[in-house]
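Student: I would like to go through this model and ask what stands behind each label. Please set the value against the cut-off each time.

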Amino acid sequence: MYRHILVPVDGTELSTHTATQAVALASEVKARITFLYATPDFSATSDGALMIAVAPEKFAERALGDTHAILAKSMQIAQKRNVPCNCENKVTDRPYEAIIGIALQKGCDLIFMASH
């Protein structure tokens, strides 16, 4: 069956529900999970470009936004069911590329995500 499941998350209610369902499956089949959050590329915005120039020390914090909170929430779901997991963050405006890239890089045999 499946050994390593990639679960893209985005912080929405649907994403949380999907993560919960993925954890249930992983628990059942004794798989591990990698949660992925594709952080929007803040540097590609006019605000981001300005912040890099004016306050570079604050740029990284602002650019990450809610990344850590979103991934931590997913990890908590997995830890409650004793499912081994890790998290990945990729800065990109093309989440599909990050999903495919991480799945290949980590050797995931299933991508578990909502359709919307």
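Student: Leaving aside neighbours within four places in sequence, which residues is G107 in contact with?

Tutor: This is a predicted model, and in it G107 is in contact with H4 and I102 once those neighbours are set aside. Contact here means heavy atoms within 4.5 Å. G107 is found in the loop between α5 (95-106) and β4. From G107 to I5 the C-alpha distance is 9.0 Å, although 102 residues separate them in sequence.

Student: Why does G107 count as partly exposed?

Tutor: The relative accessibility of G107 is 48%. Buried requires under 20% and exposed requires over 50%, so G107 counts as partly exposed.

Student: Why is K30 called exposed, and what is said of its phi?

Tutor: K30 has a relative accessible area of 72%, and the cut-off for exposed is over 50%, so K30 is exposed. K30 is found in the loop between α1 and β2. Its phi is positive, about 60°, although K30 is not a glycine. Most residues other than glycine have a negative phi.

Student: Where is N82, and is N82 buried or exposed?

Tutor: N82 has its place in the loop between α4 and β3. Its relative accessible area is 70%, to be set against the limit of over 50%, so N82 is exposed. N82 also has a positive phi, about 55°, and is not a glycine.

Student: What makes T67 buried?

Tutor: T67 has 1% relative accessibility. Buried means under 20%, so T67 counts as buried. T67 lies in helix α4. Not counting residues up to four places away in sequence, T67 touches Y37, T39 and N89. T67 and Y37 are 30 residues apart along the chain, with 6.8 Å between their C-alpha atoms.

Student: Why is α1 called roughly parallel to α4?

Tutor: Helix α1 (residues 13-29) and helix α4 (residues 67-80) pack at an angle of about 30°, and their axes are 9 Å apart. Angles under 35 degrees count as roughly parallel, so α1 is roughly parallel to α4. The crossing in which α1 passes α4 is right-handed.

Student: Which residues meet where α1 packs on α4?

Tutor: From α1 there are T16, A19, T20 and V23, and they meet K73, S74, I77 and A78 in α4. By class, this contact has four nonpolar, three polar and one charged residues.

Student: What is the order of the strands in the sheet, and which strands are its edges?

Tutor: Four strands form an open sheet in the order β3-β2-β1-β4, with parallel pairing. The edge strands are β3 (85-91) and β4 (110-111), since each pairs on one side only.

Student: How do you know that β1 pairs with β4?

Tutor: Pairing needs at least two bridges. Two bridges join strand β1 (residues 4-8) to β4, and the two strands run parallel. In this pair, L6 stands opposite I111 in β4.

Student: How many bridges join β1 to β2?

Tutor: Five bridges join β1 to β2, which also run parallel. The bridge partner of P8 in β2 is L36.

Student: Why is β1 described as largely enclosed by the rest of the structure?

Tutor: Five of the five residues of β1 are buried, so β1 is largely enclosed by the rest of the structure. In a regular strand the side chains alternate between the two faces of the sheet. In β1, H4, L6 and P8 point one way and I5 and V7 the other, all of them buried.

Student: What pattern does the protein follow along the sequence?

Tutor: The pattern is β-α-β-α-α-α-β-α-β, with five helices and four strands. Of the 116 residues, 37% count as buried. Among contacts between residues at least 6 apart in sequence, 76% join residues at least 24 apart.

Terms used. Residues are numbered from 1 along each chain as its sequence is written. This is a predicted model: local features need pLDDT of at least 70, side-chain atom pairs count only at pLDDT 80 or more; totals for chains, interfaces and linings use all residues. Side-chain values use heavy atoms; hydrogens and water are left out. Axes are lines fitted to C-alpha atoms, for helices over the stretch in contact, and angles run from 0 to 180 degrees between N-to-C directions. Angles under 35 degrees count as roughly parallel, over 145 as roughly antiparallel, 65 to 115 as roughly perpendicular and the rest as oblique. A crossing is left-handed if the near helix is turned anticlockwise from the far one by less than a right angle, and right-handed if clockwise. Ala, Val, Leu, Ile, Met, Phe, Trp, Tyr, Cys and Pro count as nonpolar, Asp, Glu, Lys and Arg as charged, and the others, Gly among them, as polar. Buried means under 20% relative accessible area, exposed over 50%, partly exposed in between (1.4 Å probe, protein chains only).
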